[in-house]
Amino acid sequence: MSRQLKFNIFRYNPQDPNSVPHTDSFWLDETPSLTLFIALNRLREEQDSSLNFDFACRMAICGSCGMVINGRPGLACRTLTSDLPGEITLMPLPVFKLVGDLAVDTGTWFRATNEKIESWIHTDQEFDPEALEERMENDLANSIFELERCIECGCCVASCGTANMRADFVGAFALNRVARFVMDPRDKRSDADYFEVVGTDQGIFGCMGLLACEDVCPRKIPLQDQLGILRRKMGFIGLKNLFRRKV
Ligand code: SF4
Ligand code: SF4
């Protein structure tokens, strides 16, 4: 027999001065292979057309449908209701600006953070559209691609204790992004340049290392490894700087 699911959904419209944050409850019959994404669409179509949430691709590529699902950040499109209890509580991702109900503005946060960490290849080489692409060893290209798979969903940031307490912390997303450029031989930044970007309390030294970020990442990006490598590298550069100043 199929279950009847109860949804407790956060509701609030920050644009409306009369809106008060609260939770609305909805009931829905569970169907086979029901995802939260489909359930939310059904609720919006059948029960409340004002329900606000984000989505685009439905296949964990766009990163739009991140939300807190029974206390844990995740993607609505990847979450089957059969993996959840009969009562499901949905909240918007913290840290990001609330647009309304379950929809948050991750774009502004990611753009600002990408600019802060200078998230692009730094090179003096002129771009030549006619030139053949530079060759890279397959193993290295695969290692870089592994980190490039981030979809900027915001789940790691929302789950992070430091990011929740401190708006200036760049989060696991950005640390992983910097680790990707450190690996890339086309990026000509020196160790000192990287230290400038993430060798601070806003960067790797603000990270508490509890790894909620890795637990919730829907792309299974190896954040633990990358944070560890970056912490060691930045720690080493920091020590070198210290000794250099003393002599
Ligand atoms: S390990 Fe670091 S980046 Fe990841 S959740 Fe904890 S404090 Fe945040
Ligand atoms: S690292 Fe993972 S959880 Fe964080 S933004 Fe990228 S895909 Fe989302």
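Mentor: Start with the open sheet of five strands, in the order 2-1-5-3-4 with mixed pairing. Keep in mind that this is a predicted model, where local features need pLDDT of at least 70 and side-chain atom pairs count only at pLDDT 80 or more, while totals for chains, interfaces and linings use all residues. Residues are numbered from 1 along each chain as its sequence is written, and chains are lettered from A and ligands numbered from 1 in the order in which they are written.

Trainee: What makes strand 2 and strand 4 edge strands?

Mentor: Strand 2 (22-29) and strand 4 (72-75) each have a single partner strand, so one side of each lacks a neighbour in the sheet. Strands are DSSP runs of E with at least two residues, helices are runs of H or I with at least four, and both are numbered from the N terminus. Neighbouring strands here are turned by 35° against each other on average, direction ignored.

Trainee: How do you know that strand 3 and strand 4 pair?

Mentor: Pairing takes at least two bridges found by DSSP between two strands. Strand 3 (residues 66-69) and strand 4 have four bridges, in the antiparallel sense, so they count as paired. In that region, Ile 69 stands opposite Arg 72 of strand 4.

Trainee: Which residues make the contact?

Mentor: Leu 175, Val 178 and Val 182 of helix 6, with Tyr 194, Val 197 and Val 198 of helix 7. Contact means C-beta atoms, placed from the backbone, within 7 Å. The residues of this contact are six nonpolar, no polar and no charged. Nonpolar covers Ala, Val, Leu, Ile, Met, Phe, Trp, Tyr, Cys and Pro; charged covers Asp, Glu, Lys and Arg; the others, Gly among them, are polar.

Trainee: What surrounds ligand 1?

Mentor: There are 15 residues around ligand 1, with Cys 160, Ala 172, Cys 207, Met 208 and Cys 213 closest. A residue is near a molecule if its C-beta atom, placed from the backbone, lies within 6 Å of it. The shell around ligand 1 has ten nonpolar, five polar and no charged residues.

Note on methods:
Axes are lines fitted to C-alpha atoms, for helices over the stretch in contact, and angles run from 0 to 180 degrees between N-to-C directions. Two residues are in contact if their C-beta atoms, placed from the backbone, lie within 7 Å.
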